[in-house]
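Keep the sequence and the model open as you read.

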Amino acid sequence: MNFVEDLPALEALYGTPSEAATRKVTPGLTPAYKTWIERSRFCVLSTVGSGGTDGSPRGDIDPVVKVLDAKTLLLPDWRGNNRIDTLRNIVEDGRISLMFMVPGSREVMRVNGTAKITADDAACQQFEQRGQHPRSVIVIAISEVYPQCAKSIMRSEIWTSGDQSEGLPTLGAMLKEITEGGIDGEAFDAAWPERSKATLW
């Protein structure tokens, strides 16, 4: 297998990007970009640190981020499993990328920038779900934002092909396999509905 190992070879392979592909990139939120991101309740947050890269899904019943201004987003860190892979990376290396999605839309909004973590009460109190507040808030400084080409959504038919989850292994089944039976997968799955009610926010 041959590999492309330098930029001139890569650029020769793909050619020149279209005018729209380059002009759509802005250093902050335009009114249209702001409207789009404020409709999104789900994003993927990518970070990098000494342990490698990490991609973390983030979702909320409300908009997944709060727009503070054209250059700043606030992302609450709701309760999880306390692995804090993303947060560790941000402390080590603030570079981040986000992909925002809205069900039914063929576009994906991309944001690149840097991030810091705050546990200031004033920041955490801006977010509340079921009487709960996040333990910390990720403050995102935007360096560039732009919509992604719709072709990937169209090819995958992700919003139009219906539920395709039948037959997938459950989390309990995967844990049982990984631990060679050390974790009771059936019991794990059976307890999840009540556990999620107590720990979702």
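## The start of helix 1

At the start of helix 1, a side-chain oxygen of Asp-6 comes to within 2.8 Å of the backbone nitrogen of Ala-9. Helices (H or I, at least four residues) are DSSP runs, numbered from the N terminus.

Helix 1 covers residues 7-14. Is it well covered or hardly covered? Hardly covered: of its eight residues, the count of buried ones is zero. Here buried means under 20% relative accessible area, exposed means over 50%, and partly exposed lies in between (1.4 Å probe, protein chains only). After helix 1 comes Gly-15, with a positive phi near 80°.

## How the model is read

This is a predicted model, in which local features need pLDDT of at least 70 and side-chain atom pairs count only at pLDDT 80 or more, while totals for chains, interfaces and linings use all residues. Residues are numbered from 1 along each chain as its sequence is written, and side-chain values use heavy atoms, leaving out hydrogens and water.

## Salt bridges within helices

How many salt bridges does a search of the whole structure find? It finds seven. A salt bridge is a side-chain nitrogen of Lys or Arg within 4 Å of a carboxyl oxygen of Asp or Glu. Three of them follow.

Take helix 2 (residues 19-23) to begin with. Arg-23 and Glu-19 form a salt bridge there, 3.1 Å from N to O. They sit four residues apart, about one turn of the helix. Arg-23 is exposed, at 65% relative accessibility. Glu-19 is exposed too, at 53%.

Helix 8 (residues 185-199) holds Glu-194 and Lys-197. Their closest N and O atoms are 3.2 Å apart, in a salt bridge. Because they are three residues apart in the helix, about one helical turn separates them. Glu-194 is exposed at 54%, and Lys-197 is exposed at 58%.

## Lys-34 and its surroundings

Helix 3 (residues 31-38) contains Glu-38 and Lys-34, four residues apart, about one turn of the helix. Their salt bridge has its closest N and O atoms 2.9 Å apart. Are these two exposed or partly exposed? Glu-38 is partly exposed, with a relative accessible area of 31%. Lys-34 is also partly exposed, at 34%.

What else does Lys-34 touch, not counting residues up to four places away in sequence? Leu-29 and Val-67. A contact means heavy atoms within 4.5 Å. Now look at Trp-159, 125 residues from Lys-34 along the chain. The C-alpha atoms of Lys-34 and Trp-159 are separated by 22 Å.

## The cysteines

A disulfide is a covalent bond between the sulfur atoms of two cysteines. The rule used here asks for a pair of cysteine sulfur atoms within 2.5 Å. By this rule, the count of disulfides is zero. Cys-43 is in no disulfide, and its nearest cysteine sulfur, that of Cys-124, is 17 Å away.

Cys-43 counts as buried, because its relative accessibility is 0%. Cys-124 counts as buried as well, at 6%.

Technical notes: Helices (H or I, at least four residues) and strands (E, at least two) are DSSP runs, numbered from the N terminus. A polar contact is a pair of N or O atoms within 3.5 Å; within protein, one must be able to donate a hydrogen and the other to accept it, and residues adjacent in sequence count only if both atoms are side-chain atoms.
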